[in-house]
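Open the structure in your viewer and keep the selection tool at hand. The stops below say what to select next and what is there.

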Amino acid sequence: MKKIYIAIVLLICLSMNSCKHDEWFERDSKQTITDEQLWNDPKLVTSLLANYYNRLPTLHGVFNTGGMTEIDDAMWSGHRDQNWRNDFQFGDDYGRYWDYGFIRDINLSLENLETQSTKLTELQKRLFKAELRFIRAFVYFEMVKRMGGVPIVEKQLVYDFSGDPTPLQVPRAKEYEVYDFIFQEMEAIKDDLVPNNSSKTRTNRYTALALESRAMLYAASIAKYNNLMAAPITTPGGEVGIPAAMANDYYTKSLNASREIIRGPYALFNENSDKGTNFYDMLNKKTGSEVIFAKDFATSLKVHRFAYDNIIKSMTEDNESSSTISPSLSLVESFDYLDGTKGTLRNKDAAGNYIAYTGIADIFANKDARLYGTVIYPGTTFKNNLVRIQAGVAVWDNGSYQLSTSAELGKNYTDGLVWTGFDGPKNDATDVSNTGFYIRKFVSDAPAASTRGTSAANWWPWFRLGEIYLNAAEAAFELGQGEGLGYINSLRQRAGFPANSLSALTMDIIRNERRVELAFEDHRYFDLKRWRLAHVVWDGSENDPNAVVMGLYGYRISRPGHPDNGKFIYERIRPSRFRRARFFRLANYYSSIDQAVLNNNPKIVRNPFQ
Amino acid sequence: MKLNFLITLTATASLLMAGCKYDNFEAPETTLSGRVVYEGKALGVRNNGPQLELWQDGHALKTKIPVYLNQDGTFSASLFNGRYKLVRMGDSPWLQQAADTIIVNVNGNTTVDVPVTPYFTITNESFQKSGNTITAQFAVNKIVPSANVELVRLYLGKSILTDQVQRELRVDGNTGTLVFGQSTSIAGNIPDNLKNLDYVFARLGVKSTSSSEYIYTAIQKIALK
């Protein structure tokens, strides 16, 4: 009897627990996302796009502290292990960018959206595809502005194992063909991007127009200025060089795109009555409607360490690093005075004697307010604290001033007053300004932003209205149309100049406006390239104040009994850590193509001078 | 104890020494040297400026061997014996030849003269010092008929490496009145920071519009005292 019970129980156990439900074996993997899942879930596609947005290329941008110290706007004052940035020559491969891995990723996504996606609505698909095509065009723009014409690949290239790789070998397109490709792509997708119009971190209709505005301006100025060179840089097949006759068409396309953005929902940031602070807030705060497209950051989620790298010495919240970017005197002097005169600082009179100023900031009085928003100079504040920039004391001795600095920062002189300020500047020192200036733009003033634990979360503007105004002004000026003056004057009015401060434009004015308005925003290197001025400005000459990063040191006068006692004088200096003048050769206009690329694809033509 | 120590030392040494023979590549031992010449004369260039390239066929992948020029136009490279292709690169003060390859067979130490066609040359140069002024007399010759002269310059410097980049004084000559092949002059005042030296170095350079590099004369040492 007992055996029967046991048998029954056993039987029940066996039969009940048998796997009737096969799903138990077919659970979704927790490690892998299949194509089917990915391309049918808008959330997953969005997060894929986030990865691609994060990979948008840049040369000196997106808080690239090192890159920003490689041109004439600044030098490197951080750790000595990167002092090569003050002692290098643009190599033939400088700025080389050839990212067909990324292009393939985008092409693959575009094809999969077509073939694998069944559950997305037509509208969603169109939007995602337009975003992908924007990113692809952005990557092509970055390639063409550095390398010249590159192969245009719009599909995945798959090897068929036939033993013949020639179908995979795509030759370089002509330089203008790549710019035309960017234009056509933007025209084709801009209306599909309208659903994103409220977003500043995903591309929308105006972002596409902004890329058009910038890219067409580049194409136009290469067409114009390359052919004005004594020996234009070209290749026989047109991979490099754009015919001069195309310039007007490109300027017109750029101007049309800019006009459409200006008519759009954007406005110059104007939230603070203090013009200098306003200019700083424009990029530091995420409010207002100046920024068109930005790479966003968020505390504790995605952060960057630009504030850690560049916080002014006396306000560091962390150890080991600060004050890395030291802006140059030539950048500071490119900011005009508000009365319209050139921005050259008056530290000596015509006879070569020092001019004494009552306050240490007085030499910078009445400057373009963008100087305050871009650079920290003596006598200003940061985070509501006074900065302590003073190089030393000038002692009157036997008919001339002896400039004396203390070995240690923040020491007092024998008269009990400041000797060298805690913020320096100090020549040949690390982690303190070597030029007498610190960077303010992009350095976040949020609490603990300069600690490595918290880090900064201010965003990076890819496109903003200020640039579009400048693009429009330049294109209009080149086309001989008068509307450019108004755009430049509005930008200058925002910077504290009176209304209609300029009555006529010149190319030099436009170029200088671009330098001061867009400093440290990854424009200058490419601007000088497309104007074919880089080899003139950065001529490698050790005596040229444009090619050499200079500094300005302020000293307090110690001359008891004299009316100048306690006033300040300024000395132009060449920081000894800055070792070699910036030297841009004709070969740098187009970066050399990697030998591995040439080895793999015999159809690729070398760049000139390579 | 002493014996032990010696044995250990010998054992370690022999272990370490034995390894080296097999996993090291031989270093190239032959030297290819030469000059960049026009009509048999070496051309002066900027230190660390123009370059030549060496390539070797017969391998699946190619990598260039860069060859830098000294400022007197000489160069040298350490190589293995073999057959090389020598290429004159662009953005130099001479024509970039379309068929620009020179075959060089390196077998033991080899010397080769690389002929180039400079856009311009400077000949018959002489430097005179009178008081605080240094005057250079020279003639600029046009070699490439289509070339245009952009700048003719006199340089003064403290060091023997004086050129467009490294110099204390630069004086532009008047290219408007320049007649090719005829003697002309540039005068420069010695700057204050050089006045008290025992000697300075002087050099002339001429640049065509087609290149960012200059052709220079040989460096001239001028005694000031």
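What share of the contacts in chain A with a separation of 6 or more comes from residues 24 or more positions apart? Such residues account for 70% of those contacts. Keep in mind throughout that this is a predicted model.

**Stop 1: chain A as a whole**

Along the principal axes, the C-alpha trace of chain A spans about 120 × 80 × 45 Å. Chain A has 610 residues, and 45% of them count as buried.

**Stop 2: two helices of chain A**

Select residues 205-226 of chain A, which are helix α8, and residues 465-478 of chain A, which are helix α14. These helices pack at an angle of about 35 degrees, and their axes are 10 Å apart. The crossing of α8(A) and α14(A) is left-handed. Now show the side chains in the contact. On α8(A) they belong to Ala210(A), Ser213(A), Arg214(A), Leu217(A), Ala220(A) and Lys224(A). On α14(A) they belong to Ile468(A), Asn471(A), Glu474(A), Ala475(A) and Glu478(A). By class, the residues of this contact are five nonpolar, two polar and four charged.

**Stop 3: the loop between β8 and β9 of chain A**

Select Tyr413(A), which is in the loop between β8 (400-404) and β9 (438-439) of chain A. Is Tyr413(A) buried or partly exposed? Tyr413(A) is partly exposed, because 16 other C-beta atoms lie within 10 Å. Leaving aside neighbours within four places in sequence, Tyr413(A) is in contact with Val393(A), Trp419(A) and Ser558(A). Val393(A) is 20 residues from Tyr413(A) along the chain, and their C-alpha atoms are separated by 7.8 Å.

Next, select Pro425(A), which is also placed in the loop between β8 and β9 of chain A. The peptide bond from Gly424(A) to Pro425(A) is cis, with omega near 0 degrees.

**Stop 4: two residues with positive phi**

Select Asn366(A), in the loop between α12 (329-333) and α13 (369-374) of chain A. Asn366(A) is not a glycine, and its phi has a positive value, near 60 degrees. Asn366(A) counts as exposed because it has 12 C-beta neighbours inside 10 Å.

Then select Phe520(A), in the loop between α16 (507-517) and α17 (524-530) of chain A. Phi of Phe520(A) is positive too, near 65 degrees, in a residue other than glycine. Phe520(A) is buried, because 26 other C-beta atoms lie within 10 Å.

**Stop 5: where the chains touch**

Show chains A and B together. Their contact takes 14 residues from chain A and 16 residues from chain B. On the side of chain A that touches chain B, seven residues are nonpolar, five polar and two charged.

**Stop 6: chain B and its domains**

Colour residues 30-115 of chain B as domain 1 and residues 120-223 as domain 2. The C-alpha centres of these domains of chain B lie 26 Å apart. In chain B, 14 residues of domain 1 are in contact with 15 residues of domain 2. The domain 1 side of this contact has six nonpolar, five polar and three charged residues.

**Stop 7: a sheet in chain B**

Which strands of chain B form an open sheet? Three strands do, in the order β9-β10-β13, with antiparallel pairing. Select the edge strands, β9 (120-130) and β13 (183-189) of chain B, each of which pairs on one side only. Neighbouring strands of this sheet are turned by 25 degrees against each other on average, direction ignored. To finish, pick Thr123(B) and its bridge partner in β10(B), Ala139(B).

Technical notes: Residues are numbered from 1 along each chain as its sequence is written. Chains are lettered from A and ligands numbered from 1 in the order in which they are written. Two strands pair if DSSP finds at least two bridges between them. Helices (H or I, at least four residues) and strands (E, at least two) are DSSP runs, numbered from the N terminus. Axes are lines fitted to C-alpha atoms, for helices over the stretch in contact, and angles run from 0 to 180 degrees between N-to-C directions. Two residues are in contact if their C-beta atoms, placed from the backbone, lie within 7 Å. Ala, Val, Leu, Ile, Met, Phe, Trp, Tyr, Cys and Pro count as nonpolar, Asp, Glu, Lys and Arg as charged, and the others, Gly among them, as polar. A residue is buried if 20 or more other C-beta atoms lie within 10 Å of its own, exposed if 12 or fewer, and partly exposed in between; C-beta atoms are placed from the backbone. A crossing is left-handed if the near helix is turned anticlockwise from the far one by less than a right angle, and right-handed if clockwise. Domain bounds come from an automatic or database domain assignment.
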